[in-house]
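Here is a short report on one structure. It covers a disulfide and then a sheet.

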Amino acid sequence: MRTNLLLSLLLCLVIAPIPTLHAAPQGEPNLPLPVDDVLIAPTPASLAFAVDSEQDLRLPSQYLAGRIAVRLVLPESNGVVDPSSEDWTTEQIEQVTAQMRAALDWWRERLPAARLEFDLVVQTVPTRYEPIRYGLAQEGLWVSDVLRALGYTSNNYFEQAFQAAFDLRDQRGADWATTIFIVNSARDDGYFADGRFAYAYLNGPFSVMTSDGGPYSTQWLRAVIAHEFAHLFGALDQYSAAGVRCDQRSGYLFAPTTNSMFNNCGTSEPSIMRELINSFITGAVDASARAQLGYRDSDSDGIIDVLDTTPSLTLAAVQQAPGQRPLVELAARDLPYPSPVQPDVSVNPITAIEYRVDQSDWQFVEPVDGTYNSVREMAQFELPLYDGEYVVEFRALNLAGNASAIITQTVTVSGLGPAPEYHLTGPARLNGQTLIIHAQAPQATRAVEVSLHRAFTNALRLPYAPEITLPLNNDLSLATVPLATTTMYVRFIDSAGLPSLAYAVPIETPPAQHHVMIPLVSR
């Protein structure tokens, strides 16, 4: 079902193999654009998209945002089947890698609100074939051979490529992953046997090009990579020869190609999807291409739609027993921005699950796995309450800063005794090489815990005293306090060893001392 949805998107594409010329910068000849370069990967018969985790239903490259792992594969022929006519040198590898990095940097600069972070993995991989000798119809020979050398043994090279992308994504902790094969053409004319020099499969799983980029030469390979990279994330061609109609839609947002030259759409914005070198130099990406990549901000709030998501929170259980603190279990999940045609996917991790008691300050809760780094998080914790009835509110936050709907629960506690009276009197004050906190608590209070973090990471535990003195060179690294933060967090440990709610304490720093240096002049 999900595969069929994807195909409904991809089959909108019409490609016409007619070469087109477009102006290049002064000093550069008119260069043919990559024609028939957007392809559709068939659905591998045994490729399973349905897995246990809903997050893993995402395809390799659905929209251009978040952390992206890119595998640059440089096939190296070993002469087993074909004579080895091309051999990668260290200089060539460095040159091609630099071109790849330049293309990725270009996209990061073009889409500043996409939170793009690229993780490039470069691999020179042996193959029995000499890839430059083949065309698209025979790509499966060497692509499968290369991926088999990387450990992927399926008989379907598309399934190999999908699995390679999924594994790379998971191994590198990325949101998306893709593979780019650059075939050595230094001793050839820069073209494959069928006249192509670059192409990509729409939304993955891979792209293929020669090291010379056909007529563009290695000098402008970065522009070719940038163009093909956009196809991997859903953008269509816009030059006339591609035959893409204005109403043809693509990408996670299923956006139309309103800047196409094919049938005079009415706009004529410069774009990397219409022309390569000039657009690369000027940084041109039109609005329709950006939308097909997922870069659209419908509500103009500064957060693009695919990242403007909202968490949901479920109160799984509240266990209450006399003489014990309530035990709460919460499940948070970030709700994806919906796609009309692709699996709905969010790359916004949950950043906090919080609660507050009777409208007090929000309290941070540590997740079960210890780190907020996923679109799904669980939390299990005790509410630090004493006898009485309380109104407790819960919420979840994501990386975009959006909060879930608040869940309100009335909690009754008994058998623990009345709540101790805890107070912090005034802000924490720097005094020379110490930080001083004044507190009020019952005399039987066992300890206080102090941290610079809401999660009480590396908290410093000290015996309770009305005046708590912290040397600046202690384990909290408080020497950085005036520069790094204006708040610290304190909680009390009662005589039974039970912690209190956390209290935020402002840090009062002394005013900066200004000195005037007067030079002594000898006459």
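A disulfide is a pair of cysteine sulfur atoms within 2.5 Å. This is a predicted model, where local features need pLDDT of at least 70, side-chain atom pairs count only at pLDDT 80 or more, and totals for chains, interfaces and linings use all residues. Residues are numbered from 1 along each chain as its sequence is written, and side-chain values use heavy atoms, with hydrogens and water left out.

The structure holds 1 disulfide. It joins C246 to C265, with an S to S distance of 1.9 Å. The torsion about the S-S bond of C246 and C265 is about -100°, so this disulfide is left-handed. C246 sits in the loop between α5 (221–232) and β9 (249–250), and C265 in the loop between β10 (255–256) and α6 (277–282), so the pair ties together parts 19 residues apart in sequence. Helices (H or I, at least four residues) and strands (E, at least two) are DSSP runs, numbered from the N terminus.

Buried means under 20% relative accessible area, exposed over 50%, and partly exposed in between (1.4 Å probe, protein chains only).

| Cysteine | Relative accessible area | Class |
|---|---|---|
| C246 | 17% | buried |
| C265 | 21% | partly exposed |

Now the sheet. Two strands pair if DSSP finds at least two bridges between them. An open sheet of 4 strands runs in the order β14-β13-β16-β17, with antiparallel pairing. β14 (363–365) and β17 (407–413) stand at the edges with a single partner strand each, so one side of each lacks a neighbour in the sheet. Strand β16 (residues 388–398) is joined to β17 by 7 bridges, and the two run antiparallel. V392 stands opposite Q409 in β17.
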